[in-house]
Structure formats: C-alpha cells, structure tokens
There are 2 protein chains.
Amino acid sequence: MTSPERDATQASTARAARPRPARQGIPEATVARLPVYLRALGSLAEDGVSTVSSEALAVAAGVNSAKLRKDLSYLGSYGTRGVGYDVDYLVYQVSRELGLTQDWAVVIVGLGHLGHALANYGGFSSRGFAVKALVDADPAIIGTTVAGITVSAPDRLPDLVRTLGISIAVITTPAPVAQDICDRLVAAGVGSILNFAPSVLAVPDHVEVRKVDMSIELQILAFHEQRKTGDALATIDAAVGALAVGGSA
Amino acid sequence: MTSPERDATQASTARAARPRPARQGIPEATVARLPVYLRALGSLAEDGVSTVSSEALAVAAGVNSAKLRKDLSYLGSYGTRGVGYDVDYLVYQVSRELGLTQDWAVVIVGLGHLGHALANYGGFSSRGFAVKALVDADPAIIGTTVAGITVSAPDRLPDLVRTLGISIAVITTPAPVAQDICDRLVAAGVGSILNFAPSVLAVPDHVEVRKVDMSIELQILAFHEQRKTGDALATIDAAVGALAVGGSA
DNA sequence: CTCACTTTGTGCTCGCGTTCACAAGCGCAT
DNA sequence: ATGCGCTTGTGAACGCGAGCACAAAGTGAG
C-alpha cells in the first residue's frame, strides 16, 4: 500500500449484461482519474502555464507519470514528443471526453444539512453542472426557497425531470427512504444517481449509481489507524472476544 | 477452539522477497467492503435475525456471495457450514477488525456549509467516532458554538490533537488552504485524514489520506451519461473540436 | 448410523490495472 | 543536415481482485 492518496469512492457499477462492442473502451479506472487531471490542468492554466510534461502533470495530479500517459493515450495522441502537452488543448479534449462541453441538469433530493450544503455549493455550476431542482418530503420545507430554488414535493419528480431535462440526481435523504426515492427517480427517467445515503441501492442495469459514504471512509481510516497503533491491543481484544462471545456459542 | 492467530508483528507491507502466505494482510478491497457488511449486519440484527447465510448477507450488501465469503475468511472461520453466520458474533468480529471497539476522536477543520453539516451529522457517534474539536480560520466563527463544540483557531491544533487524543481529521476547507491545514495536522500528530477539499494532498508515507470529491463523482456520472445519450453527438463534437483547436490539419 | 441436503471455505483461472522500460518522434543547437 | 537530448506512446510483465466450482463440514430425517 503506501499509496499517498487512495481514491475513497467506488463505483457500484452495475454489471452490464450485454457487453458493448467497446469501440472506444476507456477503462473505468482511467475515467475516474480524468477529472483529477482536469482539475490539475485548470490550476496550471490559471498560473499561465501553456505546456506541461507528463511528469509535471502527474505530480500535480498525484499519480505515476506512466499511468498518466497511458490514461491520456486512450483519448488520442494529444501530446508532442520532446515537448509535452498543450494545456488548453488537453483541457478541451478531457472535458469533451467527460461530457462537460454540455451542461447537465441536476436534482437534489433530501434537504437536510448535507442537501443544503450541496445546494449552496458553487463548485458544481463552474464545471458544467447546474442544480435545477430541489425535492424534499417534509411539508414544512416544500415551497420554501433554498439557494434560489423553490423546493418541490417528491410526487413532482416525473414532471421536473421531464421539463428541466434532468438526467443526474443526488440523493441526500435518510437511508430508509433512499430506495423509494431512487425508484421514483429511475421511473422518472433519471439515468445517473449520486447516493449520499448510507444504503445499498438496487437499480436497473442501465442506471449508473455512485456512492459517497463518510461513515465508511472513516471506518476504513480507523482500520489503518488501528494497524498503526498497537497490534498488541488488538490481539488481547481478540482473545477477550473469543471468550466472551465464542465461548457461549 | 484454536484462536485465529493474529500474529501482530509485520505491520510493514514491504515487499517480501519470498512469496509468503501473509496471514496478516487483509486486501485493501476487502477492508473497503467490511463497513458495508457491518451496516447490513446491523440492519439484520435490528430485524431480529440471529443467523444469516452468505447468500442473504451478500444480497443485503450488494455483492457477490463468493466474494463475501472470501472477504470474511480473511478475518477467520467465523461461519458454520450448513447454517451460516451468527449475526451478533460477526458484527463483533468485523467491528474489532475495523478498530471500532474503541472510540476515535475526530477533528473537523473548515466550517463552511459542508463542515457544519458534518458536525451536526449524528451518524458518526453511533459508529465509534466522536467529533471532539472544530477548527476554522475565520475570526468571526472562532469562539462560536457549533453542534455543542466551541470553534478553535488553527494554531490551537497541536494542543487539541494532543489533549483530546485526536488521530483522525476531516478537512472541509476551501482547496487553496487544504494543504496548509494538512501539513499542520500531520505536524500535530494526526495519522489519518479524510479530505473533502478538491485538492491533491501531499503527506508522509505514514499518514493515510482518503478523498471524497463530489465534483469528480458527478463528472464520472456525466461521462457515462454522455455514453448513453448519443455517441453520434460526441463524434460530431470531436470533429468540431479538431477543427477549432487543432485546425491547421 | 447413514444418507441427503445445506452452506462454508478455498484452489484456481481469468481479466483488469499498474508499472517498467524502451523505441519512436520531435525540437534545437551546431 | 545531422546529431543530441528530451518526452511521448506503448509492448510486456506482474500483481491484485473477481468469480467459478467443488470439496469439506455441519444439520436433520429416517
């Protein structure tokens, strides 16, 4: 391990029953890194850098330079040997590959603390994402305005999705209702879901779900932290556990 | 019962010259799934289920049953053939492996919308994590009380970490200051960092960093959404791009 | 006791992703 | 023009993780 930074989130990618011809076939792992490259390129562009080598960009993105070159090679041969990559050109190519040359309408469902925070987060709109609708089940919240948008009731979802051309949804509801909301979103025609609720969502194969779960991330960190601080304690703990629980079983 | 030996030594993951059984090494992919199993087990326990088969638990966790059995086998042989797994016993074993039998003190740095939301999120304390300190650089926020905790200035970090026994930090600052805060946290003795800021953090090898980035997740979804809705459009777009930018060809 | 049935634990294969190492290609100085 | 130095793009090796398929091990009925 000892990888400096591990990607925290994982795609719960539904296994495609029918393997597409994969005409372009960009590996999933590469797709997950392209946004990182894009961000690094944006910083370089702001600093007035016009050309960058794979080594320099790799450092900025926190990856291996060979990996970066292979990733970019899936998009095409956009570099110049002996020179590097033109920053602006690469920004455009990566953006296009990720589908960021068009705007995406997003709905946020669930306006608790996290939903509010996301609705007010400005980082989305700058990257081609526009929060176009907010939905919550609480009658006390429905009709109020959050981040300049009036909150709608869940049964308005089909209408909202169709009218506003929404294809991406963010779920920030409590876990017990996440699956129900998910089903409604899918029925309404949403094709991609970003799920912040701590629950496993079941969706048809054609719908893409990605999960962000802070509790899980903390637990993974706790595992590594425990590894570092005293395995002796864990050994004692294991013995106690075997006596206390296994003994009675 | 022969206790599943937890030979504590070998914390180092240095490449062994000889292929060793590596009894200690739980694969990273498995560690990332254990919290999911734990949550599913918790739901089952609440429903009064006392025994569960790998197949049933796998469905609840959204994974393959063979994968689940292999994952659990890394912890030891805690199942009973022909019967399944004892829910309570397995909850305990997984919790212990993840280091959740002890409490972890957490500091949240950066009290914007997201920091506030996390500070008020109750899901942490129920899983062995306790937010013990809040830090922000804004003088207008320092000294106020959020979620029952007084907000401290960044220069109090070393003191807070030492006094409160903090080993895990959550960064929810703007990107430009994230690295600075990260450096301070590492210097103060924090061993694990959960980074919500959209920036790549550089840390020493002994510090674990995990990243959660909503913009990146949305961009990955956009990629797949673009794939689904018209490859023809993307092709045209590519041609236009080649003319506009690489136009001399 | 024996047999049929259930479920775990795991050897094995296969495919993906990472990394190394180097040939191919480009610019520049001479 | 030519050679040198730099950087890209990629073939190939390697390691990890996913999933199949089955032997091992337990339960319960007769």
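**Exercise 1. The surroundings of the DNA strands**

How many residues surround DNA strand C, and which are the closest?

*Solution.* The model is a predicted one, in which local features need pLDDT of at least 70 and side-chain atom pairs count only at pLDDT 80 or more, while totals for chains, interfaces and linings use all residues. Residues are numbered from 1 along each chain as its sequence is written, and chains are lettered from A and ligands numbered from 1 in the order in which they are written.

Step 1. DNA strand C is surrounded by 27 residues, the closest being Pro27(A), Gly82(A), Ser54(B), Gly79(B) and Gly82(B); a residue is near a strand if its C-beta atom, placed from the backbone, lies within 6 Å of it. Two or more residues are given to this surface by each of α1 (28–46) and α3 (65–73) of chain A and α2 (54–61), α3 (65–73) and β3 (84–86) of chain B, where helices (H or I, at least four residues) and strands (E, at least two) are DSSP runs, numbered from the N terminus. The largest share, 5 residues, comes from α3(B).

Step 2. By class, the surface near DNA strand C has 9 nonpolar, 10 polar and 8 charged residues; here Ala, Val, Leu, Ile, Met, Phe, Trp, Tyr, Cys and Pro count as nonpolar, Asp, Glu, Lys and Arg as charged, and the others, Gly among them, as polar.

Step 3. Around DNA strand D there are 27 residues, of which Ser54(A), Gly79(A), Gly82(A), Pro27(B) and Gly82(B) come nearest. The largest share of this surface, 5 residues, comes from α3(A), and the classes are 9 nonpolar, 10 polar and 8 charged.

**Exercise 2. The sheet of chain A**

In what order do the 3 strands of the open sheet of chain A stand?

*Solution.* Step 1. The order is β3-β5-β4, with antiparallel pairing; two strands pair if DSSP finds at least two bridges between them.

Step 1. Because β3 (51–52) and β4 (79–80) of chain A each have a single partner strand, they stand at the edges, and one side of each is left without a neighbour in the sheet.

Step 2. The antiparallel strands β3(A) and β5(A) are joined by 2 bridges, and Val52(A) has Tyr85(A) as its bridge partner in β5(A).

**Exercise 3. A helix pair between the chains**

At what angle do α1(A) and helix α8 of chain B pack? State which residues make the contact.

*Solution.* Step 1. α1(A) and α8 (residues 214–228) of chain B pack at an angle of about 125°, with their axes 9 Å apart. α1(A) is therefore oblique to α8(B), since angles under 35 degrees count as roughly parallel, over 145 as roughly antiparallel, 65 to 115 as roughly perpendicular and the rest as oblique.

Step 1. The contact is made by Val31(A), Ala32(A), Pro35(A) and Val36(A) of α1(A) and by Ser215(B), Ile216(B), Gln219(B), Ile220(B) and Phe223(B) of α8(B), two residues being in contact if their C-beta atoms, placed from the backbone, lie within 7 Å. These residues divide into 7 nonpolar, 2 polar and no charged.

Note on methods: Axes are lines fitted to C-alpha atoms, for helices over the stretch in contact, and angles run from 0 to 180 degrees between N-to-C directions.
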